[in-house]
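Student: I would like to go through the labels used for this model and ask what each one rests on.

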Amino acid sequence: AMDILQQDLIEVFATQTAQLRALEQSQERLNQANELAHLGSWEWVPETGQVSWSKETFEMFGYVPSSIEPSYELYLKHLHPDCRDQAIESMEKALTSKNDFESQVTIIRTDSIERFCRLRGRTLYDDEANKQLVRATFLDVTDLMTAKQEAEQATATLQQTNEALREHLTALSHDVRTPLTSLKLGLGRLVDEGSVSEVGPALRA
């Protein structure tokens with residue numbers, strides 16, 4: 001029983017070591033994704049419809065910079081249907097309240113790849129042009145979210161393994177204690193019956 005327990009412990013610890021290594025690698029990818037997150041900016045004049053995108057924003061949507069005329073309608077076209085209405089509502093509230101706004105949006109690039117972005121912006125008033133102005137940034141957090149999910153999954157797997165290890169060790173401990181308990185009870189009965197002198201030679205044999 002002890003040999004089985006030792007072998008099981010070796011296998012479990014080897015598995016845990018591999019899972020810890022995977023968790024460390026996931027954490028490294030998480031840190032790298034955080035450092036390499038793409039940030040794009042854009043500006044919109046609601047009254048005239050004029051929109052300007054930064055180089056990063058063009059690339060984020062899958063366009064070659066300055067290869068197309070950006071517009072608010074084009075931005076909405078690239079939003080995933082599940083978040084489009086919420087994004088429009090958030091923008092309308094910002095224009096009315098003149099407060100900062102923030103929302104999570106999913107964009108669909110020209111190559112049909114979906115990217116998760118954090119949209120942050122504010123409404124301003126251009127005194128010189130006598131017009132309202134919206135300035136915002138897109139932060140592509142797709143890689144960050146993927147790395148975070150991988151790290152969380154690795155952590156959950158490690159926790160499950162630890163729980164399984166505790167249950168396994170408990171079962172093995174019970175298996176080892178059961179015959180020892182029976183032996184002690186048997187010896188106790190022999191002692192009670194006055195047969196101790198017969199037990200010694202038998203055990204030595």
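This is a predicted model: local features need pLDDT of at least 70, side-chain atom pairs count only at pLDDT 80 or more; totals for chains, interfaces and linings use all residues.

Tutor: Residues are numbered from 1 along each chain as its sequence is written, and side-chain values use heavy atoms, with hydrogens and water left out.

Student: Why is Asp 140 called buried?
Tutor: Buried means under 20% relative accessible area, exposed over 50%, and partly exposed in between, with a 1.4 Å probe and protein chains only. Asp 140 has a relative accessible area of 7%, so Asp 140 is buried. Its place is in strand 5, residues 131–140; helices (H or I, at least four residues) and strands (E, at least two) are DSSP runs, numbered from the N terminus.

Student: What makes the pairing of Asp 140 and Arg 115 a polar contact?
Tutor: A polar contact is a pair of N or O atoms within 3.5 Å; within protein, one must be able to donate a hydrogen and the other to accept it, and residues adjacent in sequence count only if both atoms are side-chain atoms. The side chains of Asp 140 and Arg 115 are joined at 2.9 Å. A second polar contact, of 2.8 Å, joins the side chains of Asp 140 and Thr 142.

Student: Why is Ser 66 called exposed?
Tutor: The relative accessible area of Ser 66 is 65%, which is over 50%, so the label is exposed. Ser 66 sits in the loop between helix 2 (55–61) and helix 3 (72–77). Ser 66 also has a positive phi of about 65 degrees, although it is not a glycine.

Student: Which label does Lys 98 get, buried or exposed?
Tutor: Lys 98 is exposed, because its relative accessible area of 54% is over 50%. Lys 98 lies in the loop between helix 4 (81–97) and strand 3 (101–108). Just after helix 4, Lys 98 takes a positive phi of about 60 degrees.

Student: What does Lys 98 touch, not counting residues up to four places away in sequence?
Tutor: Lys 98 touches Lys 93, Thr 123 and Gln 132 on that count, where contact means heavy atoms within 4.5 Å. The C-alpha atoms of Lys 98 and Gln 132 are separated by 9.3 Å, and the two residues are 34 apart along the chain.

Student: How do you know that the buried residues of helix 4 line one face?
Tutor: The buried residues of helix 4 are Cys 83, Ala 87, Ser 90, Met 91, Ala 94 and Leu 95. Seen down the axis of helix 4, they fall within an arc of 135 degrees, so they line one face of the helix. The arc is that of the directions from the helix axis to the C-beta atoms. On the other side of helix 4, Pro 81, Asp 85, Gln 86, Glu 92, Lys 93 and Thr 96 are exposed. The cover over the buried residues includes strand 1 (38–45), helix 3, strand 3, strand 4 (114–126) and strand 5.

Student: How does the span of helix 4 compare with what is expected?
Tutor: The expected span of a helix is 1.5 Å times one less than its number of residues. Helix 4 has 17 residues and reaches 25 Å from its first C-alpha to its last, close to the expected 24 Å.

Student: What makes strand 1 and strand 2 a pair?
Tutor: Two strands pair if DSSP finds at least two bridges between them. Strand 1 and strand 2 are joined by 4 bridges and run antiparallel, so they meet that definition. Trp 44 stands opposite Val 51 in strand 2.

Student: Why is the link between Glu 43 and Arg 135 called a salt bridge?
Tutor: A salt bridge is a side-chain nitrogen of Lys or Arg within 4 Å of a carboxyl oxygen of Asp or Glu. For Glu 43 and Arg 135 the closest N and O atoms are 2.8 Å apart, so the pair qualifies. The pair links distant parts of the chain, with Glu 43 in strand 1 and Arg 135 in strand 5, 92 residues apart. Glu 43 has a relative accessible area of 27%, so Glu 43 is partly exposed.
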